[in-house]
Amino acid sequence: MITPSAETAIVSPAARLRGEIVLPGDKSVSHRALMFATLAAGTSRISAAGDGADIRSTAGICRALGATVTRLAGDRPDGVPSATVDYVIDSPGVDGLGRPSADLDCGNSGTSLRLFAGILAGLPLRATLDGDDSLRRRPVARIIEPLRAMGATLLARSDDSLPPLTVIGRQPLRAVDRWTPVPSAQVKSAILLAALRADGRTTVRETIATRDHTERMLRARGIGVTTERLGPADADGQVGAVAVSLEGGRTMRAIDEHVPGDVSAAAFWLVAAAIHPNADLVLRNVGVNPTRRAVIDLLRAMGADIEETALGSVPAGDVGEPLADLRVRSSTLHAIDLGPADVGAAIDEIPILCLAAAHAEGTTTIRGAGELRHKESDRIAGTADGLAALGVAITVDGDDLRIRGGRPLAGATVDSLDDHRLAMTFAIAGLSAAGRTTVLRPASASISYPGFFDDLGRVGS
């Protein structure tokens, strides 16, 4: 059914999809848990974190800044590497962090680069954030401008637009009150992390509320963060403009944290089962944060048979991350229209949602997806090219996509562009495409989901 190697993964149709999947720890939460533990004096324990290459990049930077980071990994009983790992972090706290002896290697991780830029802005030291060729093509101007306004010095190549990014911190920083021109949880988080070292109250205003992991996790560590809605929710309950504020000068406390399963990783299995004619999959301990669960609700709007069993939240209370088990079965899908607010709420899941649209009755439109052009690849072009090669009727008009569903897919050779989400999207497509689908550069899946192809082979065998 599947033959993976470093260069290619060959996927053939599966007669059925069955089984339970334990997902990697949420990537967004794992990054932040490691960073926040490094800012807190004392010992923090993180359980069930993701183990992708991006998370390892963040752990390496935490070590380079002066924290002791111990990674505890174990294999599953079936011999497959565990989808999650535990960490123990002993840190001197933010005031004990020191200048690194070399450039800080973010690898492929835009989250590492952007959030550490905010942290470094408030430290009295000079450091350079760098990464691989893909990361060096990702824009940094949206980070530089607000952090400069707070008093830090930031320098980048190509007229301050591309990494490497050098940060010369300042203590204390100036508090600011700013609108983010493009809704971005990473930009918001960078400003909030810098605001911890600022005099006064900093406010970040967004036209569309982005994922709120940073706010929840700061509250869990004793940082008072307030969120104010600036307007009513729309007819679908989508939160509109918000203002997020915190007072500078607060001290982070060390805590123990459990990381929920990654809903972005779950999205691949939700679509895999929904579009397959003989499927029944159970996904355990999925994070269903209201600002991250849009992919679940969008698939349900398309007709996906997704059963959700709430499991409470971790660590606890209103600062925790809600959890649920998800069961998804074969479904009959229909087209929907996604506007800019939907895209912003499900930005990482748009490629796999395009595959769902290819199997839906009618024409799905996705408008305002320009942010996808600035990910690990140009995901608009990469998604369109790959799905078109498989026989999908997909067209691109600027930053909008139209997918006419209902046409059968045929196996072909498709290029992941070294983008983990494209690699997994095209592999899932191969489960239902006639013949063999060859995915080029599939190893990129390990950026966020090292055991993806093992799980693919197991549930489709």
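1. Arg221 is buried, because its relative accessibility is 4%. Buried stands for under 20% relative accessible area, exposed for over 50%, and partly exposed for values in between, using a 1.4 Å probe and protein chains only. Arg221 sits in the loop between helix H7 (213–220) and strand E15 (225–229). Helices (H or I, at least four residues) and strands (E, at least two) are DSSP runs numbered from the N terminus. Neighbours within four places in sequence aside, Arg221 contacts Ala33, Phe36, Thr251, Met252, Arg253, Ile255 and Glu257. Contact here is heavy atoms within 4.5 Å.

2. A word on the source. This is a predicted model, in which local features need pLDDT of at least 70 and side-chain atom pairs count only at pLDDT 80 or more, while totals for chains, interfaces and linings use all residues. Residues are numbered from 1 along each chain as its sequence is written, and side-chain values use heavy atoms, with hydrogens and water left out.

3. Helix H1 covers residues 27–39. Its 13 residues should span 18 Å at 1.5 Å a residue, and the end C-alpha atoms are 19 Å apart, which agrees. The expected span is 1.5 Å times one less than the number of residues. H1 is mostly covered, with 13 of its 13 residues buried. At its start, a side-chain oxygen of Asp26 comes within 2.9 Å of the backbone nitrogen of Ser28.

4. Glu376 lies in the loop between strand E22 (363–366) and helix H12 (379–389). Glu376 counts as buried because its relative accessibility is 7%. Its side chain makes a polar contact with the side chain of Arg379 at 2.7 Å. Another polar contact, of 3.0 Å, joins the side chains of Glu376 and His420. A polar contact is a pair of N or O atoms within 3.5 Å; within protein, one must be able to donate a hydrogen and the other to accept it, and residues adjacent in sequence count only if both atoms are side-chain atoms. Residues up to four places away in sequence not counted, Glu376 touches Asp54, Asn108, Ser134, Arg137, Arg138, Asp419 and His420.

5. Asp159 belongs to helix H5 (residues 157–160). Asp159 is exposed, because its relative accessibility is 77%. Its C-alpha atom is 32 Å from that of Arg441, 282 residues away along the chain.

6. The whole structure holds 5 aromatic pairs. Trp269 and Tyr449 form an edge-to-face pair, with 6.5 Å between centres and 75° between planes. The pair links distant parts of the chain, 180 residues apart: Trp269 is in helix H8 (residues 263–275), and Tyr449 is in the loop between strand E26 (437–440) and helix H14 (452–459). Tyr449 and Phe452 have ring centres 5.5 Å apart and planes at 70°, so this pair is edge-to-face. Rings of Phe, Tyr and Trp (its six-membered ring) pair if their centres lie within 6.5 Å; planes under 30 degrees apart count as stacked, over 60 as edge-to-face and the rest as tilted. Trp269 is buried at 0% relative accessibility, Tyr449 at 2%, and Phe452 at 0%. Phe268, Trp269, Tyr449, Phe452 and Phe453 make up one aromatic cluster.

7. The largest nonpolar core has 79 residues, of which Trp269, Leu299, Ile428 and Phe452 touch the most other members. H8 gives the most to this core, 12 residues. A nonpolar core is a set of buried Ala, Val, Leu, Ile, Met, Phe, Trp, Tyr and Cys residues joined through side-chain atoms within 4.5 Å. A second, separate core of 67 residues includes Leu65, Leu104, Leu115 and Ala152.
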